[in-house]
Protein chains: 2
Amino acid sequence: MAHFDLTDATCIATIRTLAADVVGKANSGHPGAPMGMAPVAHVLATRFFNANPNNSKWFNRDRFVLSNGCALQYILLHLLGYKLSLDDLKAFRQIDSLTPGHPEANHTDGIEVTTGPLGQGFANGVGLAMAQAHLGAVYNRDKFDLINNYTYVFTGDGCLMEGVASEAASLAGHLQLGNLVVIYDDNHISIDGDTAIAFTEDVSQRFLSYGWQVIGVDDGDSDLEGIYNAIAAARKEKSKPTLIRLRTTIGYGSKLQGTHGVHGSPLKADDIQSLKSKFNFPSDQSFYVPSETYAAYRAIASRGAELEAAWTTLLGKYGEAYPKESAELTRRIAGKLPEGWEKSLPVYKPSDPAQASRKLSEIVLTAMTPKFPDLLGGSADLTGSNLTKAKGTVDFQPPSTGLGAYSGTYIRYGVREHAMGAIANGLAAYGGIIPFVGTFLNFVSYAAGAVRLSALSKHQVIWVATHDSIGLGEDGPTHQPVETVVHLRAIPNLDCWRPADGNETSASYLVAIRSRETPSVLSLSRQNLPNLEGSSIERAARGGYVLYEVEGKEDLTIVSSGSEVAIALEAASKLKQEGFKVRIVSLPCWSVFDKQDKEYKLSVLRSGAPILSLEALSTVGWQKYSHEQYGMQGWGASGPFQKVYEKFGITGTNIASVGKKVISFYQGRQVVSPLDKAL
Amino acid sequence: MAHFDLTDATCIATIRTLAADVVGKANSGHPGAPMGMAPVAHVLATRFFNANPNNSKWFNRDRFVLSNGCALQYILLHLLGYKLSLDDLKAFRQIDSLTPGHPEANHTDGIEVTTGPLGQGFANGVGLAMAQAHLGAVYNRDKFDLINNYTYVFTGDGCLMEGVASEAASLAGHLQLGNLVVIYDDNHISIDGDTAIAFTEDVSQRFLSYGWQVIGVDDGDSDLEGIYNAIAAARKEKSKPTLIRLRTTIGYGSKLQGTHGVHGSPLKADDIQSLKSKFNFPSDQSFYVPSETYAAYRAIASRGAELEAAWTTLLGKYGEAYPKESAELTRRIAGKLPEGWEKSLPVYKPSDPAQASRKLSEIVLTAMTPKFPDLLGGSADLTGSNLTKAKGTVDFQPPSTGLGAYSGTYIRYGVREHAMGAIANGLAAYGGIIPFVGTFLNFVSYAAGAVRLSALSKHQVIWVATHDSIGLGEDGPTHQPVETVVHLRAIPNLDCWRPADGNETSASYLVAIRSRETPSVLSLSRQNLPNLEGSSIERAARGGYVLYEVEGKEDLTIVSSGSEVAIALEAASKLKQEGFKVRIVSLPCWSVFDKQDKEYKLSVLRSGAPILSLEALSTVGWQKYSHEQYGMQGWGASGPFQKVYEKFGITGTNIASVGKKVISFYQGRQVVSPLDKAL
Ligand SMILES: [Ca+2]
Ligand SMILES: [Ca+2]
């Protein structure tokens, strides 16, 4: 039933000329892709896309992801009437504008996920589609198809070369995500030139191998009906994600169309003029939007408002028929946590048995899960090691597999850490879901590209990162993180927790779950940790506190985290026998501690005596909190974990001896707190 | 012509029972895969594999990579007579043994690359195969097929789920690597259980889409002839890599065979006994190797020694026919650098024009390349931005593409950063090659899993990591690294350089190329940097030095790196006008500076006045070298780079004002060098 007319041609020309103008004014950006993708963007927006530009947060809106993130999305948002003016388009790539170089979630109205770093958006899209499948399965009822949106992803060659997209595509096929439509801008060009130089695989066959539906459209430049039919067929297929392979001409309309000359550089002034003439646009005007273009797009906006109104009515009726489900769904949509959820956090006494913090994490998850449907967790094929699967949870699986249901809350990610991280960003971006993911801490590094985008985009994702040091023992240095935690600690808006015992593990979950715009990494031990005298959820929730205080002036403070806090205590006890007074500070989370008031911080890490840090990781960064550092100077070693700790001198006995060295070095010196600073 | 007899069965049973014993004694490890892969390992080792166990470094040996790294490789090395005793097998996963939890290159005789972290070995194998293709094309001549080895990779489901393997597989298909044979242990099991839960793609079809030959063997447990024929067919195919999909039973022979119960845990004692009985092995003996097994494997070793001898003779004759090529090849095999290569490093005067350090890097590469055939470089689709392609270099491409030749030295990696890093490890591991790779610094994080293995395995890989800060400007925070450099600085045995000008860029190449067992990341600017008075290759090569000295006692030292050194100098000059004496220390490489003698270090970062660090990156870690830190507290911003620097106060004017604050804060305090420490 597709019908296209001159207005459509005008709209498409508007997108193309705006793309040239936006990038031209900024003198920076990628004009080629938006010019090539203008037709499909227009067909999708006008004929299929369900959203309300007046309320970009309408829950059942279709999600749009521009994986090859560029100006195209800003242009569409402007035309559709989101909170993005023509002036905002003119401020593309300027300081403090709403139109930064690549679209950023939680920065610009209507942007679902942050894209630009290639492959991420594709995997985010898989997460968005999984979120719909899950919430639909949990809340939809007969006659109440409340959550049934589609996720549309635009992607290019670059994204499809990235491993993170491959991982996500394989999982999406396994999960039979019929609500996911990916449109692949097959323009045969990447930054280095023709894709013939490096990307000659058969993309269609590859996606067929993943279990996707693949549809080709040979003339993506002008075959609007073909594009329409492809999207319609994609929507019709309910048990497979769809890849639409759309042959387009990059920079269509430019004198350099079809070459990488239009990929990452603005068009020359005369080329922009000629482009406009070609489309019968005034060649002397910039940022020209014909009134019929605005009219066409405002009509879509009206349709969107009507859709939302109808949906809101349906939600109201749902509330009458299913009050409990409705209340829960409404709470989740509003981004509120379940009432009193914190009460389920376990509290420990020193007499409670020693347990690994990964096990303590499992206890938290098992305690929280029954009252906390928002938690949607999983592991990258390390479930039994990460202990991420709470008892009684059902796998998130297509029903046809017989292995679970879409309403299930446990995701089998496979050995796909990077996609897992990026999918979790999509799950968080969808709303109503707090995703947690599991792997060894060492392999969070595989997902670094996604982790930094969680933090930048303010997606609440919780990493259950176990086996967090040489304490993993036998697997050896290939699996023993040394540098990982300091990397995570250096990422803005990310809380990296290394809890020392049961109460601290509960505290890390408390803060991680309350931090609705901050991702967290919980760095957890494989080995057992004793429950410590002096720890409490409240104290640990400040990020750092005095775990063991002395009477009078101390000789030394040892500041430590995670599995090494108990070793620090052992050292303190040995030193006490020799007459030394040693305080112990537990610092499970630097970034949370940094946010405490200065007085508190200076009381924890006070002047007067030297402070020695202890961690079975790289010492890089500990200089901020201590005068002296003890940790790993190189790689770990393979062996039973106690032997490995001994090899590297991380034992009560050796740290006591190191402590004496430090005490004697600072004898007679004036010792100022490392936090007593000018800046 | 395959013929298999009872001896083969005995050998295979030996591998299987040894696997059970090795893992059983360690009480840790993965018995299932070696037990399942024993038949193919045996067929490959005895019928095809060309190597000399007496000289594991014979240059034309076949390369073997156990991507799903486990005890299997140790067992084979022992049986073949490499320097690995039965006692070494008994010390599996024990401290300081030759048999750590996962095989480590440059640690155990005969191990080519470090595996265990999934997907890496697969991509390393692609690199090893590319190295052969390249060196063969460069040095082989009619009748002198000197370099013609195969690379064999064993891989499992876990590896094939990883994105890094997907990226590498796609590139290997494009590159038509007929010398690469991958044997996929298709046992339907991963750690979480049946692959049906997460990995249901059609792997064969996927590899066909990449342009591979795919051969299936349905009974990998006992069809030795089928295995033989598959490997023979793989070797015969000269223009495609081959995937042999081998259906095996994980833990074959165990009571738990075919389940994930044998994946990552030792077999129970009674299961080991029953296994041995099943194979007619003495059930009461551990680590039992029948003499016919040793005899069979020692025969292979003799064959290997003969192969090497014949090859050495051929190399001798080659030397007569092609003295120049032979001398060069022999030098490269010996791991020596070209005589006088350092002389090509450019030297700069302050009057030379300002240039971006990425451009300075290009100048170095262009100067070095003609006399330095060992350099095999490339970029992940950012050639024009990374400036990694020296003038006149030819693309490394299959001749049939018409785009280059295997003798070409410039690799088009596509947008595949993680595979690029892992492939570079394979190139370095092959020998005779110094690989360098290019991408934005921000996307080195995509390859973190490979980078840490470069460092752990002592592979000399050089990263040309451009656009290294907010100085990249318009692309915005999605592309502006903040946390990346401190992550790299925390990796042991990795030198991260951030040169400030031309001489420092030359210095970073000088040290990076001389460091034959250390990878380096050169963090380079997009924006122009002036050539600084006081810089020199020699001084910068110490990792840190006083760039600008004052007369008498200073009021402040500013320590900085890269693009911010010139800003520090500007601040110093402003402060000088106000009567303050400010020294400037340039610290382009922490790890190299750390290795200098203490006296030198204390002379550079001396006591007596406060030291302020300045870098347009996270300040994490700078506390080691300074009392006060100025840098990025959060994410960057999209805009022209000068505006971005202004926004974050990284300008001469603001740093001068910050400097005054620091000076006044420390007035009257006793200031001790941050390097004057007890530990
Ligand atoms: Ca493209
Ligand atoms: Ca497997």
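Several elements of chain B cover the buried residues of helix H3(B), including helix H1 (6–26), helix H2 (32–47), strand E1 (63–66), helix H4 (86–90), strand E2 (151–155) and helix H11 (291–321). This is a predicted model.

**Helix H3 of chain B**

- Helix H3 of chain B spans residues 71–80 and is mostly covered, with 10 of its 10 residues buried.
- Among these buried residues are B:Leu72, B:Gln73, B:Tyr74 and B:His78.
- Just after H3(B), B:Gly81 adopts a positive phi of about 95 degrees.

**Helix H17 of chain A**

- Helix H17 of chain A, residues 448–457, is mostly covered, and 10 of its 10 residues are buried.
- The buried residues of H17(A) include A:Gly449, A:Val451, A:Arg452 and A:Ser454.
- Within chain A, these residues pack against helix H5 (120–139), helix H15 (417–430), helix H16 (441–444), strand E12 (462–466) and helix H18 (484–489).
- Chain B also contributes to this packing, through its helix H16 (441–444).
- Just after H17(A) comes A:Lys458, whose phi is positive, at about 60 degrees.

**Nonpolar cores**

- In soluble globular proteins, nonpolar side chains tend to be buried together.
- The largest nonpolar core in this model has 156 residues.
- A:Phe122, A:Trp212, B:Phe122 and B:Trp212 have the most contacts inside this core.
- Leaving aside neighbours within four places in sequence, B:Phe122 is in contact with residues including B:Val153, B:Leu160, B:Val182, B:Phe207 and B:Trp212.
- Another core, of 149 residues, lies apart from the largest one, and A:Trp341, A:Val585, B:Val662 and B:Tyr666 are among its members.

**Crossing of two helices in chain B**

- The axes of helix H21 (residues 565–577) and helix H25 (residues 652–666), both of chain B, come within 8 Å.
- These axes cross at roughly 60 degrees, and the crossing of H21(B) and H25(B) is right-handed.
- On the side of H21(B), the residues in this contact are B:Ile567, B:Glu570, B:Ala571, B:Lys574 and B:Leu575.
- On the side of H25(B), they are B:Gly652, B:Thr653, B:Ile655, B:Ala656 and B:Lys660.
- The residues of this contact comprise 5 nonpolar, 2 polar and 3 charged.

**Relation of the two chains**

- Chain B is superposed on chain A by a rotation of 180 degrees with 0.0 Å of shift along its axis, at an RMSD of 0.0 Å.
- The two copies are therefore related as by a two-fold rotation axis.
- Both copies use the same surface, since 99% of the contact residues of chain B recur in chain A.

- Most residues other than glycine have a negative phi.
- A:His467 has a phi near 60 degrees, a positive value in a residue other than glycine.
- A:His467 lies in the loop between E12 and H18 of chain A.
- A:His467 counts as buried because its relative accessibility is 5%, and the cut-off for buried is under 20%.
- B:Asp96 also has a positive phi, near 60 degrees, and is a residue other than glycine.
- B:Asp96 is placed in the loop between H4 and helix H5 (120–139) of chain B.
- B:Asp96 counts as exposed because its relative accessibility is 58%, and the cut-off for exposed is over 50%.

Methods. Residues numbered from 1 in each chain as written. Chains lettered and ligands numbered in written order. Predicted model: local features only at pLDDT ≥ 70, side-chain atom pairs only at ≥ 80, totals over all residues. Heavy atoms only, no water. Core = buried A, V, L, I, M, F, W, Y, C linked by side-chain atoms within 4.5 Å. Buried < 20%, exposed > 50% of the residue type's maximum accessible area, 1.4 Å probe, protein only. Contact = heavy atoms within 4.5 Å. Axes fitted to C-alpha atoms, helices over the stretch in contact; angles between N-to-C directions. Helix = DSSP H or I, 4+ residues; strand = E, 2+ residues; numbered from the N terminus. Left-handed = near helix turned anticlockwise from the far one by under 90°. Nonpolar A, V, L, I, M, F, W, Y, C, P; charged D, E, K, R; others polar. Least-squares fit on C-alpha atoms with pLDDT ≥ 70 in both.
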